[in-house]
2 protein chains.
Amino acid sequence: MKQSQLFTKTRKEAPSEEMSVSARLLIRGGFVEKISAGVYAMLPLGFKVLTNIENIIIQEMDALGGQRILMTALMPKKNWEVTGRWSSLDVLFKIARESGEFYALGPTHEEEVVPLAQKFVYSYKDLPFSAYQIQTKFRDEPRAKSGLLRLREFSMKDLYSFHADEGDLDDFYEKAKKAYSKIYERVGIKDKTYLTLASGGTFSKFSHEFQMATDAGEDIIHVCKKCGLAINREIKDLYPVCPECQGGEFEEKKCIEVGNIFKLKTKYSAPFNLQFTDKDGQKKAVIMGTYGIGLTRLMGAAVEANYDEFGIVWPGELAPFDASLIAIGSNDPSKNEKIVSAAQNLYEDLQKAGLEVIYDDRIDKSAGEKFKDADLLGMPYRVVVSEKTLEKKSAEVKARNSKTAKLVPLKEAAAGRF
Amino acid sequence: MKQSQLFTKTRKEAPSEEMSVSARLLIRGGFVEKISAGVYAMLPLGFKVLTNIENIIIQEMDALGGQRILMTALMPKKNWEVTGRWSSLDVLFKIARESGEFYALGPTHEEEVVPLAQKFVYSYKDLPFSAYQIQTKFRDEPRAKSGLLRLREFSMKDLYSFHADEGDLDDFYEKAKKAYSKIYERVGIKDKTYLTLASGGTFSKFSHEFQMATDAGEDIIHVCKKCGLAINREIKDLYPVCPECQGGEFEEKKCIEVGNIFKLKTKYSAPFNLQFTDKDGQKKAVIMGTYGIGLTRLMGAAVEANYDEFGIVWPGELAPFDASLIAIGSNDPSKNEKIVSAAQNLYEDLQKAGLEVIYDDRIDKSAGEKFKDADLLGMPYRVVVSEKTLEKKSAEVKARNSKTAKLVPLKEAAAGRF
């Protein structure tokens, strides 16, 4: 798209109350705007990033065989009373209707997905299956002060799996673990993200968190220096040595949770009496797993892990555009028509070649301002057309994560062969 | 996908409290499930329909130049006090935090989009632009009893346009009107949908609603017999003759509103003081328009307009799958391997040809049950492979909206040439 059409603008400064680097850069770039503590609107560039994250997650969940659904934010109080979480979950937003009826505003969906499954599961033949949704979740976080990393309203993917026995859950759980690793790789945070043992509550020995190391985080993990498995500080006492490799040396890291997977077993199927008839004619409780990942938080985390002093350095799959195209005017105004026309052609050719391009066609901005904006916005490539480059029938191409630019013949550049 | 994998099942009966045909068919087909009054979860087939509607709307909004954003459901009370709607909008869900802070749960987003625009609009050079979102909306509807037609929680597209003068708003408004007509055509309700004059409040003479004729509706419109323009009963007294063609004969129709467009002018920019500096250096209020369409309601409306005694007849662009593929076993079990293998090949070939297919591979269902389910689910084509069709190296193809089936050579059928 043409940058002159984009209704947002970059800013030199972020609001002083924004503490995290990611929130400061995302606001300065016009990706997001803070509405209130822990509540952010997605602006056009930010929404494109969120959509890119969503597409990655959809692909990985579909590959797992997950069936996509969309549950509701307004959840009847009665289901939350069945599990006891109406009173025990302190982040639950509660809505009172004038009629006296109450809703929970969905922070997670075990209380809805289990009664839903009950409508369709009768026999072992109806198992296994898994269903996921990407939905806006609500949690009344008291400490909502780290930009997109800790929100009261956020987009989340939650997957629920349903099995006839624990062996089948175990198999699926391992596949889900691998799918999560792929997601972290594709969103550009794999190097900093640790599979972490965490408390499993009363129903499993432990759950797994995925923790990304960052100074903006509020959790502490102990990373085994030998094998890289991490243990959440909350349960570190249980593990004098690493349960994976028996290593005894750990490194403490500050981090933020970017996903968790959990063998629920019968924790939620039992209270709702979600049962099936097994091959032997016996009624049994359905065995469940749950697998969560916050999309909005991933967006913040991806920036925490990918920036430099000039701005964001988007991982390729997340960037709202593949390239920023910049035309630089000449000191000799008579040459500008040719420059603008060359830039326009390149803009069109790049799109024909399948690239998404943001073309900085703003006439009231200096070359310096355009360069600064392109660095702040962080597209993978910056492509410049000027009098100088055109003399050599070239465009200047610089990868965002490289310090050096190079001249690329216009024909090559037009095909996206940077 | 294979129907044996789908976790939902069809039902013979819908819950007795469901009054509208569309809700009854959608629940029986396993497209949606009622969670509470006016609150429905989207199951895999229903979510696919909703996504198809979403894609149509995205295309038409992008063609208008709308920039996609995503605003928030949690909206600070203070913005709703600026417009007075904190106390005047009776369907507003209000959330009290323990801290004493209040949120409105977004039923519409003028109260957010105007302060957002204020961050980026300074000069006439920043205008015009338009931004839209597709978002879950919340309205505390007292009469939530018509399935997807009147919901407390629903997916809605809301577009907002910002202009320097009324002439520019008028131009955009006409384009938006045409975009809406295209949407109704693509979702299969154009024949029953009327452009309708409605009350415009104090700031414009009138707004336009799009009203779809259906017995499930609760509005009444008067349709001009000469030109087809409709007038909402609420303001019919103002128009003794049709303002478009001066015709004097009208027909009353029961209907449901499936969209509305509204020249807000300065109704919301004034209270928030959203201004710009014009070419002449004068500060002026930004001129606005708003354009809404409910996706979930469109899904219900599309069914109200497209069904028969056997089930849903999805318009092509909305169908979750292009075809239902059915394999029918032989009385001679030794022939079944060949039938299943032919069906499996056809399933794979159709997908290679770019069609989305639901293959009813269930072994515990009779031919009759499979036919009934295919009719209820309403994909545009039903493709049957049996001993009889294979003898003629063919598949039997029946369009859902046709009474007659025909034999199509397997090679043709495999390429989707029905």
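Trainee: What should I know before reading any numbers?
Mentor: This is a predicted model, in which local features need pLDDT of at least 70 and side-chain atom pairs count only at pLDDT 80 or more, while totals for chains, interfaces and linings use all residues. Residues are numbered from 1 along each chain as its sequence is written, and chains are lettered from A and ligands numbered from 1 in the order in which they are written.

Trainee: OK. How many helices and strands are in chain A?
Mentor: Chain A has 12 helices and 23 strands. Helices (H or I, at least four residues) and strands (E, at least two) are DSSP runs, numbered from the N terminus.

Trainee: And what does the C-alpha trace of chain A span?
Mentor: About 85 × 60 × 45 Å along its principal axes.

Trainee: What share of chain A counts as buried?
Mentor: 50% of its 418 residues. A residue is buried if 20 or more other C-beta atoms lie within 10 Å of its own, exposed if 12 or fewer, and partly exposed in between, with C-beta atoms placed from the backbone.

Trainee: What about contacts along the sequence?
Mentor: Take the contacts in chain A between residues at least 6 apart in sequence: 67% of them join residues at least 24 apart. Two residues are in contact if their C-beta atoms, placed from the backbone, lie within 7 Å.

Trainee: Switching topic. What rotation superposes chain A on chain B?
Mentor: A rotation of 180°, with 0.0 Å of shift along its axis and an RMSD of 0.0 Å. That is the relation of a two-fold axis. The superposition is by least squares on the C-alpha atoms of residues with pLDDT of at least 70 in both copies.

Trainee: Which residue of chain A comes closest to the rotation axis?
Mentor: A:Ile95, whose C-alpha is 2.8 Å from the axis.

Trainee: How many residues of chain A are in contact with chain B?
Mentor: 35 residues of chain A, and they touch 35 residues of chain B. Elements giving two or more residues to the chain A side include β1 (32-36), α2 (44-63), β5 (93-96) and β7 (129-138) of chain A. β7(A) gives the most, with four residues. The chain A side divides into 21 nonpolar, five polar and nine charged residues. In that count Ala, Val, Leu, Ile, Met, Phe, Trp, Tyr, Cys and Pro are nonpolar, Asp, Glu, Lys and Arg are charged, and the others, Gly among them, are polar.

Trainee: Why do you say the copies meet through the same surface?
Mentor: Because 100% of the interface residues of chain A are also interface residues in chain B.

Trainee: Now sheets. What is the order of the open sheet of three strands in chain A?
Mentor: β4-β6-β5, with antiparallel pairing. β4 and β5 of chain A are at the edges with a single partner strand each, so one side of each has no neighbour in the sheet. Two strands pair if DSSP finds at least two bridges between them. β4(A) and β6 (residues 102-105) of chain A pair over three bridges, and A:Pro76 stands opposite A:Tyr103 in β6(A).

Trainee: Next one: is strand β8 of chain B buried or exposed?
Mentor: 11 of the 11 residues of β8(B) (residues 153-163) are buried, so the strand is largely enclosed by the rest of the structure. B:Leu159 is among the residues that point one way, and B:Tyr160 is among those that point the other way.

Trainee: Which strands does β8(B) pair with?
Mentor: β7 (residues 129-138) of chain B is antiparallel to β8(B) over 10 bridges, with B:Ile134 opposite B:Lys157. β16 (residues 287-294) of chain B also runs antiparallel to β8(B), joined by eight bridges, and there B:Leu159 stands opposite B:Tyr291.
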